[in-house]
Amino acid sequence: MKNVNHIVWADLIRVIAILMVICTHCSDPFNVSPEARLNPEYNLWGSIYGAFLRPCVPLFVMLTGMLLLPVEQEIGQFYKKRMLRVIVPFIVWSLLYNLFPWFTGILGLNNSVLSEMFAYAGESPSQTWDSCLHNILMIPFNFNTYTVPLWYIYMLIVRGEKRCVSKFGRSENI
């Protein structure tokens, strides 16, 4: 087996950040749903609750940077070693999320199902194949209404690339 240096306090921060992410997502309906918008008290407490928990994102970003740095390998090796584990599940989940509206249409379900499941879908989301295909073709460029939970992966991929390029750019020029 491989001998890996284990940082216990980083695992503790990761567990705390995971719980904060779960709680943050639980607070979203208090701010996004039409029912909550009609009740200012829901919005107030949902906003307070959500704001208290938002440090989960910077915690994950800092942990990712701490555990990845320093990058001492070629950019190709870096991506080959790490990103294949990220890219394949990312593509699979992106496809499933984006095909879900179309499947609900095929099953004859009302599009209100989408509004209930996806907080940002709006009042009358499309269930057409054309709409799903458009969202699938946009996967390389940006997340959409259905893939909001995957936004962090976009940031992780881009930050990893910039970190490798800038580090090697500096070390090659010295």
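Predicted model: local features only at pLDDT ≥ 70, side-chain atom pairs only at ≥ 80, totals over all residues.
Read from the N terminus, the elements run α-α-α-α-α-α-α-α-α. Of the 174 residues in the protein, 28% are buried, and among contacts between residues at least 6 apart in sequence, 66% join residues at least 24 apart.

**Helix α1 with helix α5**

- Helix α1, which spans residues 8–27, packs with helix α5, residues 56–68, at an angle of about 145 degrees, and the two axes are 9 Å apart.
- On the α1 side the contact is made by W9, A10, I13, R14, A17, I18, M20, V21 and T24, which meet C56, L59, F60, L63, M66 and L67 in α5.
- Sorted by class, this contact of α1 with α5 has 13 nonpolar residues, together with 1 polar and 1 charged.

**Helix α1 with helix α4**

- Helix α4, residues 40–53, is another partner of α1: their axes come within 9 Å and cross at roughly 160 degrees.
- An angle over 145 degrees counts as roughly antiparallel, and α1 and α4 are therefore roughly antiparallel to each other.
- The crossing of α1 and α4 is left-handed, and the contact brings M20, C23, T24 and S27 of α1 together with G46, Y49, G50, F52 and L53 of α4.
- By class, the residues in the contact of α1 with α4 comprise 5 nonpolar and 4 polar, with no charged residues.

**Helix α6 with helix α8**

- Helix α6, residues 75–106, packs with helix α8, residues 129–137, at an angle of about 170 degrees, with their axes 8 Å apart.
- Since angles over 145 degrees count as roughly antiparallel, α6 and α8 are therefore roughly antiparallel to each other.
- α6 passes α8 in a right-handed crossing, whereas the crossing of α1 and α4 is left-handed.
- The residues of α6 that take part are L95, N98, L99, P101 and W102, and they meet W129, C132, N135 and I136 in α8.
- The residues of this contact of α6 with α8 divide into 7 nonpolar and 2 polar, with no charged residues.

**The largest nonpolar core**

- The largest nonpolar core holds 14 residues, of which F78, M83, V86, F90 and I139 touch the most other members.
- Helices α6 and α9, the latter spanning 151–173, each supply at least two residues of this core, and α6 gives the most to it, with 6 residues.
- As general background, nonpolar side chains in soluble globular proteins tend to be buried together.

**An exposed loop residue, E123**

- E123 lies in the loop between α7, which spans 112–117, and α8.
- The cut-off for an exposed residue is a relative accessible area over 50%, and E123, at 76% relative accessibility, therefore counts as exposed.
- Although E123 and P34 are 89 residues apart in sequence, their C-alpha atoms are 9.3 Å apart in space.

Note on methods
Residues numbered from 1 in each chain as written. Heavy atoms only, no water. Axes fitted to C-alpha atoms, helices over the stretch in contact; angles between N-to-C directions. Helix = DSSP H or I, 4+ residues; strand = E, 2+ residues; numbered from the N terminus. Parallel < 35°, antiparallel > 145°, perpendicular 65-115°, else oblique. Left-handed = near helix turned anticlockwise from the far one by under 90°. Contact = heavy atoms within 4.5 Å. Nonpolar A, V, L, I, M, F, W, Y, C, P; charged D, E, K, R; others polar. Core = buried A, V, L, I, M, F, W, Y, C linked by side-chain atoms within 4.5 Å. Buried < 20%, exposed > 50% of the residue type's maximum accessible area, 1.4 Å probe, protein only.
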